[in-house]
Amino acid sequence: MCPHSLSLERFAVGELSNVDLNLAPGEILCLSGASGSGKSRLLRALADLEPHAGEAWLGERAQSMIPAHEWRAQVMLVPAESHWWADHVGDHLPTVAPADLEMLGFTPDVLDWQVARLSSGERQRLALLRAVARGPRALLLDEPTANLDGVTIRRVEAWLVERIRARGWPTLWVAHDTGQIARVADRHWCLRDGQLVEEEEMSAWT
Amino acid sequence: MDVIVLSWWQLALAALLVVALAGCTVVARLGMARSLLFAAARTVIQLSLVGLVLEALFAASALHWVALMAFGMLLIAGREVMARQTRRLVGGWAFGIGTLAMFVSSFSVAVLTLTVVIGPDPWYRPQYAIPLLGMMLGNTMTGVALALDRLTDTAWRQRAVIENRLMLGQRWQEAVGDIRREAMRSGLMPTINAMAAAGVVSLPGMMTGQILAGSPPALAVKYQILVMFTLTLGTGFGTLVAVAAGSRRLFDDRQRLRLERLAAPRH
């Protein structure tokens, strides 16, 4: 299982067109932009949940060449708001490493908890865990720390960055907080007027 | 065991009582008189017309006339299924899927029952074929309409859950599995309840009619059991086809949930 890169070729969805992008294994690209600028839509199209033009590649394999559910299992989108279908947390997490639970601040008995009683922060952390536990090859994160408090944000960031680097997942990370972008991003792109612009000076944001 | 002939003046007596009921609702200001009388009038006119058609059909007893009648009934049932859905599939799919489901199940079960089980001569003898198909279509229609309505409505409400399941790499069948089960359940529940309550809570209408018309109860019971089973088969397979085809249509060939294929409800 060698890590793959994620590339976009003349990718277009909604206002956004002709996006060419290449993400190396383990690279984190932060994406920011005003709300409604199409960040979430770009991620959804990358996960092939929306009709779009152009092509995306994971290593040598093109999105259109493999069945959609296999693509999504590999290029895993974690939406800003997670949704749960069964009553208990454990039903959504068939296999999970105790180390991961601990790093996100949970004990193994979280698997017996009822989903309905989770706080929004707990939901968000468990949604990340749920996605990572399925063994993806690339990550698309839509504001993964939006519902968390300061200490937990750092903890989740550290855990995510460590996993991303260790497993070599190319990652698109939608973020608003300039501090967070400075901490996690290798590159930072901004979505303005339907254009994807690279922010050259990372330090200008801190 | 001759049937007691019912004459028009005897029916007029019953009609008079309905009018009296309407009069009572007017006096009590309950505002039901118009719709009550309107529905009663529809019953008289529609059933009389059907009676004329059946008389002619029984006299002719030709396969092509029976088939024509059957398809006419099917198309009307298909239209009814479509009309009963809040968020129907657009582009003729609601009508198409409903009609196909009813055609596949009602027609094949009715033909099978006629040729193998009852065995009239000829097998399409309208005295057997038309009432049997009518009952089948009526029940299957209810099941298919309920199931499709539940399917599309729940998919609409739970779109976020379905999409989140897709994001985690589930196939569309798995992502919509709970909703399919629920739709299947609401389509079949009335039939299952009717079977469970038959004879205990209620005497089924067909059996009652047969007994009133002079059949021995034992024979009426046998026919009723047969009808119950065929109705269950028709409704079950019809609902199965409708749920399978309807849920497939909610997704495209890349397994994306395409809710723009559902029409907005009309208020």
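Where is the place of B:Gln85 in chain B? B:Gln85 sits in the loop between helix 3 (63–83) and helix 4 (93–118) of chain B; helices are DSSP runs of H or I with at least four residues, numbered from the N terminus.

The model is predicted: local features need pLDDT of at least 70, side-chain atom pairs count only at pLDDT 80 or more, and totals for chains, interfaces and linings use all residues. Residues are numbered from 1 along each chain as its sequence is written, chains are lettered from A in the order in which they are written, and side-chain values use heavy atoms, without hydrogens and water.

**View 1. Surroundings of B:Gln85.** B:Gln85 is buried, at a relative accessible area of 5% (buried means under 20%, with a 1.4 Å probe and protein chains only). A polar atom of the B:Gln85 side chain lies 3.2 Å from the backbone oxygen of B:Val81. Leaving aside residues up to four places away in sequence, B:Gln85 touches B:Ala94, B:Ala145, B:Leu148, B:Asp149 and B:Thr152 (contact is heavy atoms within 4.5 Å).

**View 2. Contact of chain B with chain A.** Chain A contributes 25 residues and chain B 16 residues. About 1,900 Å² is buried between the two chains, 54% of it on carbon and sulfur atoms (accessible area, 1.4 Å probe, lost on being put together and summed over both parts). B:Met167, B:Leu168 and B:Arg254 supply 40% of the area that chain B buries against chain A, more than any other three residues.

**View 3. Salt bridge between B:Glu163 and A:Arg44.** The two side chains meet at 2.7 Å, N to O. The interface of chain B and chain A holds three salt bridges (a side-chain nitrogen of Lys or Arg within 4 Å of a carboxyl oxygen of Asp or Glu). Helix 6 (residues 159–167) of chain B gives the largest share of the side of chain B that touches chain A, seven residues.

Methods. Helices (H or I, at least four residues) and strands (E, at least two) are DSSP runs, numbered from the N terminus. Buried means under 20% relative accessible area, exposed over 50%, partly exposed in between (1.4 Å probe, protein chains only). A polar contact is a pair of N or O atoms within 3.5 Å; within protein, one must be able to donate a hydrogen and the other to accept it, and residues adjacent in sequence count only if both atoms are side-chain atoms.
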